[in-house]
Amino acid sequence: MQRTREKPEKMPENNKARKKLRVCVATCNRADYSKLAPIMFGIKAQPDEFELEVVVLGSHLIDDYGNTFRMIEQDDFDIGSKLHTIVRGEDEAAMVESVGLALVKLPDVLHRLRPDVLVVHGDRFDALALATAAALMNIRILHLEGGEVSGTIDDSIRHAISKLAHYHACCTRSAEQHLIAMCEDHARILLAGCPSYDKLLAAHYRDDYMDIIKNWLGSDHVKEHDYIVALQHPVTTDIKNSIKIYELMLDALISFNKRTLILFPNIDAGSKEMVRVMRKKGVEQHPNFRAVKHVPFEQFIQLVCHAGAMIGNSSCGVREAGAFGTPVINLGSRQTGRETGENVLHVRDADTQNKIYHALELQFGKRYPCSKIYGDGNAVPRILKFLQTIDLDEPLQKTFCFPPVKEWDISQDIDHILETQSALAVDLGGTNLRVAIVSMTGKIVKKYTQANPKTFEERIALILKMCKEALSDAVCLNCRILGVGVSTGGRVNPQEGVVLHSTKLIQEWSSIDIRTPLSDALHLPVWVDNDGNCAALAEKKFGHGKGVENFVTIITGTGIGGGIIQHNELVHGSTFCAAELGHIMVSLDGPECMCGSRGCIEAYASGMALQREAKRLHDEDVLKVDGITDMKNNEPVSAVHLINAARLGNSKADAVLQTAGMALGVGIVNILHMVNPSLVILSGVLASHYQSPVQQVIEQRALPSARSIRVLTSDLEEPALMGAASMVLDYTTRRLY
């Protein structure tokens, strides 16, 4: 049964007839203020629409945590009330007592301020006290960042606040779906994005970022991407283990021997023990460490953006750091379930120092594509408009949208309000340039084809034009584009998004950075890889390779290429020329290859090689055979003519194909003996012609242990496009270490 989303009532035509909306923003700690401050500035900038009241409580008012209420005053906000609500002790009982103390003090403040709406953020125990007090005092609540999943007690608190709240401003599509599944009214849910992204996306490129880095790291010699930011909080449901992980993290950081800015943990139960561990190890006196209680958000952005890595379990690592492509090592269970970008490496079972140290080795100094899972920089305008639609005359009692419970229909259909997560796939061939919108299930929603220009400038301009057209169409097609994947011929550095050396078929395409101009113009993350590797990725996600740990894909077309999947990962090699399968030599004296060598598989079995042999036979006047129509004078000889001639009994044409099949088969036998895959997939226009000969060569020439390996032909019609799309569609996959 479908449930249509109710439209919010329109604003009164006469704005003077509407009274100002009195909005109370309550902030409890340094982390939630970074999310609430952009909204507070937005409210303050519209005095004709809103009255702003600010309530400060929690760890803002504690000296050990930096007395961070001062930064609110420095931002020129009038604090209406300061409530000392923290009972010290930093254990479970102290957290419960703090909630109780807040509930004792809040009624007087809320009664005095009489806000129309209380804005509450996140999943802290202080926020639960705020929401409880406001709900019982019949004050409307707007909850920020509800519907998210992190995997600890924070989930329970967050969802409890969502049930008390009347309105929701969430950050991601998944969070929106979770709120709907929790029976919240969809008309009162705004998919806004994270407010902190408004500030960080606008301000993270600053000319003085090196001054900020040197100031906080305490050294004039520290370099960009050559230091670590560490921030680890206790997990209140497993305090003992979280302290152990903290100790192991400090040991790993000391051994790793890089400049490190370490922030004190939050005030949750277990934080006092973590500080004791830090002081026991002498971190505050260690020459490589700077331990601080608080960093202003604008400067913290710079420190995270330009760090070599971030480590710990702070939500900043899985949220804000992704916007910069900063490598992150996420330790333990505190962020389990969070949506993450490619930049996050999870060490969930962080039980040894060596494991954490190895994760630092893997991540430190890398850069990843930017991820905007949590926002696009326009959250605050959306939230302010959302606030303006609140009708204070409508009933205060919130209603829940339970799905109908019937034997034949036990779930609600929300497909009409959900966008299809999709990718833009770009395939750069020697002849054509193709762009497609590809859904998560591998369906090509729409495809665009143009002739590939001959110059770099024209080619980039055409790619951008086609992508922008596809982005525009995606809105009408209800597709949410997550990013852009590019498949191209030649040798590619996928880490940098650069074509190192192109094939001769694509001119002006060597030493070309594709990622930067596309990402800058389209404001989307961009992945780039070789077309053979993309074909392997396509098989892994959508084809015969799905669920297969080790396999090889070979493209048989104009050239010969391919990709190798080993232990579920694509093999690139040290200089990104792994899986150049077409250039495996099968003869010392064979025909010349386009690479300049002789006897390569491509020189025997590619479409160009077959065309060369077809032309030779045609010139010798031995290509004709009964049953084949004479070619027109202006029709070029192609591999198709050779194949047709062999099919109709031409012995010379058949000998050429037998030689080509033998060369390809011998090359594949070499591959089997080197990487020992469990499956070989032939892709491309010539795949069906080579399957049988290749299988015969394997049975005759492979080692006994490799003879049973299957050879299949691909069922995918567009492997390059599908593989380009798979790079994007898999970018939120949580990588486990």
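Contact here means heavy atoms within 4.5 Å. Helices (H or I, at least four residues) and strands (E, at least two) are DSSP runs, numbered from the N terminus. This is a predicted model, in which local features need pLDDT of at least 70, side-chain atom pairs count only at pLDDT 80 or more, and totals for chains, interfaces and linings use all residues. Residues are numbered from 1 along each chain as its sequence is written, and side-chain values use heavy atoms, with hydrogens and water left out.

Start with helix α8, residues 209-217. Its residues I212, I213, W216 and L217 are buried, where buried means under 20% relative accessible area, exposed over 50%, and partly exposed in between (1.4 Å probe, protein chains only). These four cover an arc of only 110° around the axis, so they lie on the same side of α8. The arc is that of the directions from the helix axis to the C-beta atoms. An α-helix has 3.6 residues a turn, so residues three or four places apart point the same way. What covers the buried residues of α8? The cover includes the strands β8 (227-231), β9 (259-263) and β10 (289-292), and also helix α11 (297-305). Just after α8 comes G218, with a positive phi of about 70°.

Now turn to an open sheet. It has seven strands with parallel pairing, in the order β3-β2-β1-β4-β5-β6-β7. Two strands pair if DSSP finds at least two bridges between them. At the edges are β3 (79-83) and β7 (189-191), each pairing on one side only. Neighbouring strands of this sheet are turned by 20° against each other on average, direction ignored. Axes are lines fitted to C-alpha atoms, for helices over the stretch in contact, and angles run from 0 to 180 degrees between N-to-C directions. Take one pair of strands. β2 (residues 50-57) and β3 run parallel, joined by four bridges. V56 has K82 in β3 as its bridge partner.

Helix α4 (residues 125-136) touches β1 (21-27), β2, β4 (117-121) and β5 (140-144), and its direction makes about 160° with that of β4. Helix α6 (residues 173-181) touches β6 (167-170) and β7, and its direction makes about 170° with that of β7.

Is it enclosed or open? Seven of its nine residues are buried, so β14 is largely enclosed by the rest of the structure. Strand β17 (residues 479-488) runs parallel to β14, with eight bridges between them. There, T420 stands opposite C479. Strand β15 (residues 432-439) runs antiparallel to β14, with seven bridges. D427 pairs with R434 in β15. Three residues make the hairpin link from β14 to β15. Next, β15 pairs with β16 (residues 444-451), antiparallel over seven bridges. A436 has K447 in β16 as its bridge partner. The hairpin of β15 and β16 has four residues between the strands, and G442 in it takes a positive phi near 95°.

Rings of Phe, Tyr and Trp (its six-membered ring) pair if their centres lie within 6.5 Å; planes under 30 degrees apart count as stacked, over 60 as edge-to-face and the rest as tilted. A search of the whole structure finds six aromatic pairs. One of them is Y167 with F386, edge-to-face at 6.2 Å centre to centre and 85° between the planes. This pair links distant parts of the chain: Y167 is in strand β6 and F386 in helix α14 (residues 379-388), 219 residues apart. Y167 is buried, with a relative accessible area of 4%. F386 is buried too, at 11%. Another edge-to-face pair is F256 and F364, with 5.5 Å centre to centre and 75° between the planes. F256 is in helix α9 (residues 239-256), while F364 is in the loop between α13 (353-363) and α14, 108 residues apart. Both F256 and F364 are buried. Ring pairs join F256, Y357 and F364 into a cluster.

Last, consider a site taken from a record. Which residues does UniProt mark? An unreviewed UniProt entry places the feature "binding site" at H583, C593, C595 and C600. UniProt positions are given in the numbering used here, feature names are shortened, and annotations may be inferred rather than shown by experiment. H583 lies in the loop between β24 (569-570) and α18 (601-605). At 29% relative accessibility, H583 counts as partly exposed. Leaving aside its neighbours within four places in sequence, H583 is in contact with C593, C595, C600 and E602.
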